[in-house]
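Work through the exercises below with the structure open beside you. Try each task before reading its solution.

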Amino acid sequence: MTLASQILQYILSGINIGSIYGLVAIGFNIIYNTTGIINLAQGEFVMLGGMIMVSLHVGAHIPMLPAFFLTVILVAAVGGLFERLAIHPLKNPTVLILIIITVAGSILMKGIAMFIWGKETFQLPHFSGEEPILFFGASLLPQTLWILGITAGIVLLLGLFFRYTLTGKAMRACAANRTAAQLVGIDVRKMVFLSFALSAAIGAAAGIVITPIALMDYDRGAMLALKGFGAAVLGGLGNSGGAVVAGFMIGILECLGAGFISSGYKDAIALFVLLIVLFVRPSGIFGSAETARLKDF
Amino acid sequence: MGRWNRVSLVVLAGVAGAMPFLLGTDSYYISVLVMAGIRSIVAIGLSLLMGYAGQISLGHGALFGLGAYSSGLLTTLHPQSGWLAGILPLSPWTALVVAAVMTAAIAYAIGTPCLRLRGHYLAMATLAFGEIVVIFFVAMVDLTGGPSGFGGIPDLPYVGSFPAWLIDPEGGYNLFVYRDTHYYFLVWIVVILTLIFSLNLIHSRVGRALRSIHGSELAASTMGVNTAKYKVQVFVLSAIFASVAGSLYAHFVTFVSPTACELKYSILLLTMVAVGGMANVWGAVLGAVLLTLLPEYLRAFEDYDVLVYGGILIGILMFMPQGLLVGCIQLIGKIKPVRKTTG
């Protein structure tokens, strides 16, 4: 392989994992926009998505398409349930309490996953064959196209949802000003519930598409959440387009680092990027300084 | 320090001192209580940071790990060449101090930019820092043994140096024969010293400054409190506590591996502080002891202890957001309404 095709290969695998970081970041953004909460359990939704899909498709032999939607619905239900049981009953919680409670939710989901599936790593068949396509000297798995397609589809659908549906508009209103939204008759609490379910559903979709390539085990959530948060911050918290681009950047950087420096430090690279962005420009590269001033870093 | 705290300290010292005599020769429970003491030291530091200054840290497991790994490496490495050849290995006490200084320096370097962040951002930054430290421990296989860790860490020289009349196997004090008992007394003396230091700190100018930051950072800085300085200082202090606890752990267990400092451990520490009650260093000790003893009674759960911790954490935060200590005091207050309590 020439150096150029080697670099291309790393970039392609970076795009793979990067779209997942982007999707996790969108999940963060949806909840952050309606509630101001960063849900540290976001990575667990991705893990649950992959695991439930494996059980339904490989275990119960349900065909790919219905299993996909069933998984997404189930994980969305878990997300909604989490909001109802843990977030909803809190009276005037402080940020510290909210952080700890989402951390608790995350270890609880992880524990339940370990209880159900054990500690093994699970496989899921690729959506359409494992024959790599040659692409300028680099090999491209058909699954990569699925990942990109589904990421693009989700971003597009979300854009339409927030722009044209009444519920989507109501959620954007909550993001802009909760009190004002409440005054015009929007049920803010319902929107919070919906935002948790929606971001869980997106996390689940991310988990399903990545499992054929990256495999899945119960312990995957925290690292995915951390890197997804990196993407969310780098893209400017609350900015979904920025999140996907930032996800790609982190994914590509990580794969280039793994290829040219050392694979042992692969995970550290993304985290260094996260720390540097937080220290230098917490508003993100796509966030404007003006909106940043309104936020609480 | 207040009368209540002084009485509590004496009670704690008495109970801790009596424990080995009550448990007699059962060295298993003594070793569990050594771990409870080690975790109490970290939890007290974390409680100063979280409960008093109102700053979260999901990286304290890593600070503990830095202490443990530094102590372990400084006392086991035998370099044949280079400028360190004549210096290493250090004696365990020197290593403990060097480890604490190094951890404090790292905490200062990372804390200064981190603590400018607030809330979720701070949580994520400390989480990322913790994960980076663990990644380095795992990846530097030649030095740290990678995922499986390294052993052969020597005992602290104090162990086994009790006067002969205490160790007399014929006499009544033969429990001092056990190595674990030596660590037990050492660790709980450190816990009590840490408590005395922290209680004095809380009731000083610095403590009032920290609480004012928790109340409102903006108001505190308007009143002339150098909030950035105090936040970093308390972070460094809690890092020193964590490092000392890590060093004690390394010498006690004689073995360190990344599991001693991974994210799960940081969350466990957070749980201890939250369960005991964040705004109280006594709560931190209570939480550490409870959550160390609890798994011993939940043997059936084995690896599912995370599940139990998660459940406890959610339950406590929802029903007793101020922690067990304050929660129980309020419950007693409700049963016997002697005077009106707020909240």
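## Exercises on a predicted two-chain model

In chain B, 77% of the contacts with a separation of 6 or more join residues 24 or more positions apart. The model is predicted.

**Exercise 1. Describe the make-up of chain B.**

Solution. Start with the elements: chain B has 15 helices and two strands. Then turn to burial. Of the 343 residues in chain B, 46% are buried.

**Exercise 2. Find which elements of chain B touch chain A, and classify the residues on that side.**

Solution. Step one is the count. Chain B gives 35 residues to the contact and chain A gives 36. Step two is the source of the residues on the side of chain B. Helices H5, H12 (263–276) and H14 (305–319) of chain B each give two or more. H5(B) has the largest share, with 13 residues. Step three is class: this side of chain B has 27 nonpolar, five polar and three charged residues.

**Exercise 3. Describe how H11(A) packs on H5(B).**

Solution. Two packed helices are described by the angle between their axes and the distance between the axes. Take H11 (residues 266–280) of chain A and H5 (residues 119–139) of chain B. Their axes come within 9 Å and cross at roughly 145°. The crossing of H11(A) with H5(B) is left-handed. Now list the residues. H11(A) uses Asp267(A), Ala268(A), Leu271(A), Phe272(A), Leu274(A), Leu275(A) and Leu278(A). H5(B) answers with Tyr121(B), Ala125(B), Ala128(B), Phe129(B), Glu131(B), Ile132(B) and Ile135(B). By class, this contact of H11(A) with H5(B) holds 12 nonpolar residues, no polar ones and two charged ones.

**Exercise 4. Describe how H11(A) packs on H10(A), within its own chain.**

Solution. H10 of chain A covers residues 240–260. The axes of H10(A) and H11(A) come within 8 Å and cross at roughly 140°. H10(A) is therefore oblique to H11(A). The crossing of H10(A) with H11(A) is right-handed. From H10(A), the contact takes Ile250(A), Leu253(A), Glu254(A), Gly257(A) and Ala258(A). From H11(A), it takes Lys266(A), Ile269(A), Ala270(A) and Val273(A). Sorted by class, the contact of H10(A) with H11(A) has six nonpolar residues, one polar and two charged.

**Exercise 5. Repeat the length check for H8(B), and find what its buried residues pack against.**

Solution. H8 (residues 179–202) of chain B has 24 residues. From first C-alpha to last, H8(B) reaches 35 Å, close to the expected 34 Å. Its buried residues include Tyr183(B), Tyr184(B), Trp188(B) and Leu195(B). The buried residues of H8(B) pack against H1, H2, H9, H11 and H13 of chain B.

Definitions and conventions. Residues numbered from 1 in each chain as written. Chains lettered and ligands numbered in written order. Predicted model: local features only at pLDDT ≥ 70, side-chain atom pairs only at ≥ 80, totals over all residues. Axes fitted to C-alpha atoms, helices over the stretch in contact; angles between N-to-C directions. Helix = DSSP H or I, 4+ residues; strand = E, 2+ residues; numbered from the N terminus. Left-handed = near helix turned anticlockwise from the far one by under 90°. Contact = placed C-beta atoms within 7 Å. Nonpolar A, V, L, I, M, F, W, Y, C, P; charged D, E, K, R; others polar. Buried ≥ 20, exposed ≤ 12 C-beta atoms within 10 Å, placed from the backbone. Parallel < 35°, antiparallel > 145°, perpendicular 65-115°, else oblique. Expected span 1.5 Å × (residues − 1).
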